Protein chains: 2
Amino acid sequence: MKAHRSVVVVSGGLDSVTLGYSMQREYGPSLWLSFDYGQRHRKELDHAEFAAHEVGADWRLVDLTTVGALLGADALTGHANGVAVPYGHYAHESMRITVVPNRNAIMLTVAYGVASAAGAEVVAIGIHGGDHYVYPDCRPAFVDALVALEAQSLIGLHTPRLHTPFLHLTKADIVALGDHLGVPFAHTWSCYEGEQLHCGKCGTCVERREAFMLAGVVDRTLYRDGED
Amino acid sequence: MKAHRSVVVVSGGLDSVTLGYSMQREYGPSLWLSFDYGQRHRKELDHAEFAAHEVGADWRLVDLTTVGALLGADALTGHANGVAVPYGHYAHESMRITVVPNRNAIMLTVAYGVASAAGAEVVAIGIHGGDHYVYPDCRPAFVDALVALEAQSLIGLHTPRLHTPFLHLTKADIVALGDHLGVPFAHTWSCYEGEQLHCGKCGTCVERREAFMLAGVVDRTLYRDGED
């Protein structure tokens, strides 16, 4: 592998792919890491791989399926037999079921280890302001604590910086940035369901539609309910 | 699986197996997690599984081989083609090659996630005073930073406590405790090499022998160099 300037956590969603594009275009060769927790579907991961190829980034899949199995029944994992994906807006209490305990801490400690070994300057993750309400591991205090941990953990080793450029942006801001960068939004995946098209109704679909609308960017996503 | 009171990081070495015994015996049902980074050999992992069975703990293997591959060439992983295992005492500079960047941060964030999902009260790890010199992620400041991170990461979710009872003990103290608990030391593995017997010469073998001697406990380990 060539020398990478950044290691980017990329799920294959709109936010993380936009971040990956931004890092590759403005910062130099990047390594994108996608994490397989045994999610309900692999569509996100396939989209991450596709987008990495499009922009010329390297992409690696980190297999955490044995971790996912131990994290228990959850709407985001394929292990949640019979647990329905909740419909509605992210900020609703029903979305709490989508919390995977410690997910960002696990992904970021892996990304830091990889970036330290590779000598990369930066670890980047696309957490943003809209995630703060439901997910504690998307908040500024979490980011500060993670940086403090890594400062201890990597004493004497190469210690990358953490880059969270979306931390105080809205999802609409990210859509506007992605539009500017030429992100192939059609090849990003938000829906919790893994059908052919986005369902248009689940929490992340509702957020996605709203973000395009607020950003004033044409939403070319094909939604199953036809209201695109 | 039954309800677990603790989730214990157990490599299969002398320290972690003694900790696992202590948690299972004194604290109640425990879940031992062993991590496969694609180590040079699987002997440690087999010993962890055996010891868990002996004491009645549950054991799960966490497959991190794709992470190990990305952490690069290292004496502890099977990926280090041609990198020889360093001989000598742990505290020597040559042992720096055995540092896997961020390893304890990765293992502990996984263990915290699992323990949070399982409702376990405690996450335990057997880092001890003898590790402080070489490994930054075995020091008290690292432990404090990890606890601070998890306090943020798991807001609103079940947050286990971190238990590091060996943090200020020597390896000889641990041998004395393990002797008291009836730990089957013959079924713990320290050697970096994966041969039939402990080599007796590498850093961890030297430390192991010294610990038994200082603790005044008979060392029944069979060493390849015959000086047992």
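This is a predicted model: local features need pLDDT of at least 70, side-chain atom pairs count only at pLDDT 80 or more; totals for chains, interfaces and linings use all residues.
**Stop 1**

Select the strands of chain A. Five of them form an open sheet. Read across it in the order β3-β2-β1-β4-β5. The pairing is parallel. Strands of a sheet pair through backbone hydrogen bonds, either parallel or antiparallel.

Which strands sit at the edges? Select residues 58-63 and then 161-163 of chain A. These are β3 and β5, and each pairs on one side only. Now look at the sheet's twist. From one strand to the next, the twist averages 25°.

**Stop 1: strand β2 and its partners**

Select residues 30-36 of chain A. This is strand β2. Is β2(A) mostly covered or mostly open? Mostly covered: six of its seven residues are buried.

Look at the pairing with β3(A). The two strands run in the parallel sense and share six bridges. Pick A:W32, and you will find A:W59 of β3(A) opposite. Then pick A:D36. Its bridge partner in β3(A) is A:D63.

Turn to the pairing with β1(A). Here four bridges join β1(A) to β2(A), and these strands run parallel. Pick A:S6 to see one such spot: A:S30 in β2(A) stands opposite A:S6.

**Stop 2: the helices of chain A**

Select residues 14-27 of chain A. This is helix α1. Follow the chain from β1(A) through α1(A) to β2(A). Together they make a β-α-β unit, and the unit is right-handed.

Next, select residues 103-118 of chain A. This is helix α4.

**Stop 3: where chain B touches chain A**

Show both chains. How many residues of chain B are in contact with chain A? There are 36, and they contact 36 residues of chain A.

Select β3 (58-63), α3 (65-70), α4 (103-118) and α5 (140-153) of chain B. Each of these elements gives two or more residues to the side of chain B that touches chain A. Which element gives the most? That is α4(B), with 10 residues.

Finally, color this side of chain B by residue class. You will find 24 nonpolar, nine polar and three charged residues.

Notes. Residues are numbered from 1 along each chain as its sequence is written. Chains are lettered from A and ligands numbered from 1 in the order in which they are written. Two residues are in contact if their C-beta atoms, placed from the backbone, lie within 7 Å. Ala, Val, Leu, Ile, Met, Phe, Trp, Tyr, Cys and Pro count as nonpolar, Asp, Glu, Lys and Arg as charged, and the others, Gly among them, as polar. Two strands pair if DSSP finds at least two bridges between them. Axes are lines fitted to C-alpha atoms, for helices over the stretch in contact, and angles run from 0 to 180 degrees between N-to-C directions. A residue is buried if 20 or more other C-beta atoms lie within 10 Å of its own, exposed if 12 or fewer, and partly exposed in between; C-beta atoms are placed from the backbone. A crossover is right-handed if, with the strands pointing away from the viewer, the path from the first strand over the helix to the second runs clockwise.
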